[in-house]
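Me: I am new to this structure. Could you take me through it in short steps?

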Amino acid sequence: MVDVRTLLAAVLGVVLGVVLVAAPDAVIRVQTAGRLPSDRGGEYGTDSTVPTRWRRLVQGAGVVLVAGGLYFGYTLV
Amino acid sequence: MEHVGLKARMAVVGATLFAFYAVAAVVVMGAFGWPLWLVLLGSVAFVGVQYKVGKWMALRSVGAEDLPADRYPGIHDRVESLSRDMGIEKPRLMVARMGVPNAFAVGRKGAGTVVVSQELLRTLDADEVEGVLAHELAHIRNRDVVMMVLGQGIASIVAIVAQWAVLLTGDNDIADFFLALVVGQITQLLVMVFVLAISRYREYVADRDAAREIGSGEPLARALEKISRGAERSRESAVDAQVNALCIFGEERGLARLFASHPPVEKRIERLRE
C-alpha cells in the first residue's frame, strides 16, 4: 500500500518547487509582506523589486524541492 | 459611514484570518497543553517583535535620515496641516537616497514615520509631492502598516503550527520533515492571498483619502504617471542597468498579480481621475 504522507511529500514538494522556480518574486513578496514595507524598494506606487540574487536563491530552493519531491515519488515506485 | 467597502472586505478577510488562527491556537492548546492566555501572549509577542524589527529594518535598509526642517520647511508645514486635518499626530519625516523616486510609511498612528526619497523630491512638483505625502498619511491613519504586520503574523503562526502538526503526527522520517517544510510554506502562501488582497484594496482607499484631503486626485495621479513614465523611459533606453533592474514595470500576470500588494498603477491613476 502506498504511504500517503510520502505521496503527499512527493506531490506537494514538486508543486511548491515549481511555484518557487516560476514565480520567485511572488514567494519573496509573501515572505517579506508585513515584515518590511512592500513599497520600500523600486518605484513609488509599485511593489518592491526583488534583487536578482534573492530571486536566484528562491529558484535554487525550488529546484531542490522539485528534486526532493521526485526522489520521494521514486521511492514509492 | 466612512469606508463601507473597506469595512465589509475587512470583515470577510478578518473572519477568514481569525478562523485560520483559531484552528492553529486549538492545535497548539491540544498538542502542547498550553492555556489560552499563553497562546495569546505568545502570538502578541511574536507579532510585536515582527513590527518592531520590521520598522527598524525598513529605515536602516534605505539609510533614512531626518528630513531637515530648515531645508524643507514647506513639506514639514504641509504634513503638519494634513496630519491635523486627518486627525493624526504629525509623523516623523525622513529622507533617503533610494536610487528611484519612492516613498513609504512605517509605524502606526501616533508613532508613524514617512520616508521619501531624494529622487522623488527632485522628480515631482510640490503639489504632486503633497499628493504622495497625503497617501502615506492615509496609510498611517487607516492603520495599513499594522494590518499588514498582523496579517503576516497570523500567516506565519498558522504556517508554523501546520509544520509542527505534520511533524508531530509523523514517524520523524526524512519524508515527514520534507512534508512539514512544504506544508508550512504552502499554508503561508494560502493565508497571504487574503492578506495581500486586502492590501491592494487599501491602496485604493488611501488614494481616495489622499484625494479628498488635498481636494483632488489629479496631483497624485500625475505623480504616479510621471514616475511610471520615467521608469518606462529608463527601461527602454537601457542607460543604466542597475536602475533598470529596479524599474521593472508593466502589468503583472498570474501568480505575481495574485501576490501583489499594490494594484496596477494604471488602474490607480484611472480611479484617481474618475
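Me: This is a predicted model. Is B:Glu130 buried, partly exposed or exposed?
Reply: The relative accessibility of B:Glu130 is 15%. Buried means under 20%. So B:Glu130 counts as buried.

Me: Which side chain meets B:Glu130 in a salt bridge?
Reply: Side chains of opposite charge can pair when their charged atoms come close. Here the N to O distance is 2.1 Å. The partner of B:Glu130 is B:Arg78.

Me: How many residues apart are B:Arg78 and B:Glu130?
Reply: B:Arg78 sits in helix α3, residues 73-86 of chain B. B:Glu130 sits in helix α5, residues 126-141. The pair links distant parts of the chain, and the separation is 52 residues.

Me: Is B:Arg78 buried, partly exposed or exposed?
Reply: Its relative accessibility is 30%.

Me: Which residue forms a salt bridge with B:Asp127?
Reply: The closest N and O atoms of this pair are 2.4 Å apart. B:Asp127 lies in helix α5 and its partner in helix α8, 95 residues apart. That partner is B:Arg222.

Me: Which residues are linked with B:Asp127 and B:Arg222 in a network of salt bridges?
Reply: B:Asp127 and B:Arg222 pair with each other. They also belong to a network of salt bridges.

Methods: Residues numbered from 1 in each chain as written. Chains lettered and ligands numbered in written order. Predicted model: local features only at pLDDT ≥ 70, side-chain atom pairs only at ≥ 80, totals over all residues. Heavy atoms only, no water. Salt bridge = Lys/Arg side-chain N within 4 Å of Asp/Glu carboxyl O. Helix = DSSP H or I, 4+ residues; strand = E, 2+ residues; numbered from the N terminus. Buried < 20%, exposed > 50% of the residue type's maximum accessible area, 1.4 Å probe, protein only.
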